[in-house]
Structure formats: structure tokens, C-alpha cells
Amino acid sequence: MTIAAMTLALALAVPTDAASRKQTVEKAVNPLDQPMVFSIVRSAAGFCEPSCPEWIYAEGQIVGASPAAFKKILKKAGDRKLPLLIVSPGGNVTAALEMGRIIRKRGMNVEVSATRFISCSPRDDKCTPDGPLKGEYRGMAFSAGAFCWSACPLILAAGERRISSQWSHTGVHQITTVYARERVYFKEKYRVVNGKKKVISRKVVSRKKAGTQSSTKLPKKTRKALLAYFKEMGIENRILDAMLSTPPDQIRRLEPVEMLGLKLITEMSPSDVLANPSICAARAVPENCIMRNPEPLTDIKPQGEPGKPA
């Protein structure tokens with residue numbers, strides 16, 4: 001079962017000089033169309049050292065393998081209680097529910113927020129992680145422009161603290177159920193008794209795929225599963241009405257006040273919260289402020305925000 005997600009337009013790399021005009025124009029790869037990736041990130045804001053916030057970064061499509069990948073990064077985090085900062089256009093509903101239950105069981109906090117890495121992205125095969133621990137990264141979190149659509153709010157709903165600021169975008173739409181069709185050929189033996197056919201044996205000879213069929217009609221089993229999940233997470237059932245009222249090729253953006261009423265978020269937030277480097281200077285230091293040995297500091301600036309040059 002999958003949920004249709006709004007697809008962002010792919011940019012085209014168009015050559016400008018005469019020689020390159022002969023090259024084939026290729027579509028740029030949009031990372032948000034790829035399966036979700038996870039990594040552990042430490043704030044690159046030097047002023048917070050030696051105690052800076054750390055978090056789990058999640059970006060991309062929610063697919064069937066996402067829960068297993070999520071468990072793997074949680075194992076790497078060990079005893080650290082790190083929040084989940086997520087950006088996703090949606091994806092597989094069943095996988096989102098599984099991830100949500102893992103989050104609630106661990107008492108994690110969730111925020112709709114993007115991560116800008118200092119050196120390179122975890123999606124880059126040639127990237128060498130630059131964090132204080134092996135395989136981890138340094139970066140900066142920002143909620144402006146971050147989004148959580150389609151099945152993603154099911155993950156947001158599971159957080160102990162659930163945050164989507166006024167600068168981020170959280171939205172829902174109808175669930176699209178995709179059915180795989182199969183043509184089955186079989187051989188059967190039967191006999192006629194008193195004019196009626198009685199099958200003695202039946203053996204499948206072959207199976208052939210017959211395409212797929214999709215429907216936005218919500219199956220009773222899916223409705224029941226969603227309502228049970230909302231009850232489990234303490235979310236108002238009215239969120240289902242917002243989902244069902246919006247076509248699958250559109251997104252119904254939920255405003256912060258509306259999300260607060262639905263209990264999809266737990267607090268109103270003007271900006272970044274869970275990974276803001278200033279939180280580690282508060283009297284009540286959050287659990288994700290991790291003490292590390294002081295290191296020489298440099299005035300490093302993160303890569304530019306999407307759409308802006310670095």
C-alpha cells in the first residue's frame with residue numbers, strides 16, 4: 001500500500017556553449033524522489049562547543065526499507081536521545097506507521113526541518129563524513145522551506161514533542177492504494193456428478209503480471225488502521241477528513257493553529273527548535289546537547305539554502 005506523493009519538478013541541465021549543445025539534455029536527479037536516507041549530525045555552530053546539539057537527519061521518500069534503515073541509525077546513536085529532523089514528500093503508509101511506532105516507543109521528538117551539511121551530503125558516494133564520530137556529519141538545521149507531506153505527517157504525529165514551524169510546510173492528501181494485478185493459469189481435474197461439476201484437483205501452471213490498478217477509495221481496513229494509529233498517538237481523527245478532502249495530486253497545507261487543534265503538533269514555534277545551537281546554553285539543557293572534547297574552532301559557514309548559491 002502506498003500513498004501518492006506530490007512530485008517536485010526536475011531541473012534540466014541545459015548546455016549554453018556551442019560545443020555542449022550537441023550533448024544530450026539530462027534530467028537532474030532530485031534527492032527527494034529517492035528513498036529516505038538517515039544520518040547523525042552535530043551542529044557546526046562553533047559557539048556552542050564543547051556542548052552542541054546533535055540530531056538524526058531524515059530526507060527522501062518513505063519506502064518499505066525505511067523502517068529497517070531507521071532502526072540501523074538508532075542503533076548507531078546508542079544511548080543518545082536524539083530528535084528526528086525530517087523532510088519528506090511522503091511515500092509508503094505502512095512504513096510510515098511502523099516508523100511512527102518506533103519513535104513513540106523510544107520517546108523521541110520530531111521536527112519538520114532540513115539539514116544543510118558543511119562539507120558534503122550523505123547522498124554523495126564520495127563524501128567523507130566530517131563529524132566528531134566516525135560516519136557522522138556536521139551541519140546546520142533550518143526549518144524555512146522544509147516540508148512534510150502525504151504520509152510524512154504520520155511520522156510527525158508520533159513524536160513526544162511535535163514541531164512544524166510557521167516557516168515549514170506540513171500537508172496531507174488522499175491515500176492512493178495501488179493493487180498489483182496478476183493473471184493466474186491453472187490446470188484442474190473434475191468430474192460430473194448428477195449433472196454438477198465437482199473439482200478433484202487444481203494446480204497452478206503459471207503466473208503473469210497484468211499491470212497495476214490504483215484507487216483513492218479508502219479501504220475499510222486502511223481506515224481502521226489509521227484511526228487506531230491516531231488514537232494511539234493522541235491525534236484528533238479529524239485529520240482524516242483533511243486527507244480525504246484533498247485530491248492525490250494536490251497538497252492540503254495545514255496551518256500551525258490548525259495542527260495544534262488536531263494535536264499534530266504540540267507547540268507553536270516561530271523557527272527552529274530541537275537543533276538550535278542556543279538551546280545548549282539554557283539552564284535546562286536538552287538531552288541532545290552532547291558534550292565533546294573542545295576542538296579548534298573556525299568560522300565555517302554551511303552550504304547555501306536550496307535555490308541559493310553556496
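Predicted model: local features only at pLDDT ≥ 70, side-chain atom pairs only at ≥ 80, totals over all residues.

Colleague: Fine. In which sense do strand 7 and strand 8 pair, and over how many bridges?

Modeller: Antiparallel, over 4 bridges. Strand 7 covers residues 114-117, and strand 8 covers residues 137-142.

Colleague: Which residue is the bridge partner of Arg 116 in strand 8?

Modeller: Met 140 is the partner of Arg 116.

Colleague: And which way do the residues of strand 7 point?

Modeller: Ala 114 and Arg 116 point one way. Thr 115 and Phe 117 point the other way. All four are buried.

Colleague: New topic. What's the strand order in the open sheet of 3 strands?

Modeller: The order is 9-11-14, and the pairing is mixed. Strand 9 (147-149) and strand 14 (252-253) are the edges. Each has a single partner strand, so one side of each has no neighbour in the sheet.

Colleague: How do strand 9 and strand 11 run, parallel or antiparallel?

Modeller: Parallel, joined by 3 bridges. Cys 148 stands opposite Thr 170 in strand 11.

Colleague: Now loops. Where is Gln 174?

Modeller: Gln 174 is in the loop between strand 11 (169-172) and strand 12 (177-193).

Colleague: Is Gln 174 buried or exposed, and why do you call it that?

Modeller: Buried, because its relative accessible area is 17%, and the cut-off for buried is under 20%.

Colleague: What does the side chain of Gln 174 reach?

Modeller: The side chain of Gln 174 reaches the backbone oxygen of Leu 244, at 2.9 Å.

How values were computed. Residues numbered from 1 in each chain as written. Heavy atoms only, no water. Buried < 20%, exposed > 50% of the residue type's maximum accessible area, 1.4 Å probe, protein only. Helix = DSSP H or I, 4+ residues; strand = E, 2+ residues; numbered from the N terminus. Pairing = 2+ DSSP bridges. Polar contact = N/O pair within 3.5 Å; in protein donor to acceptor, adjacent residues only side chain to side chain.
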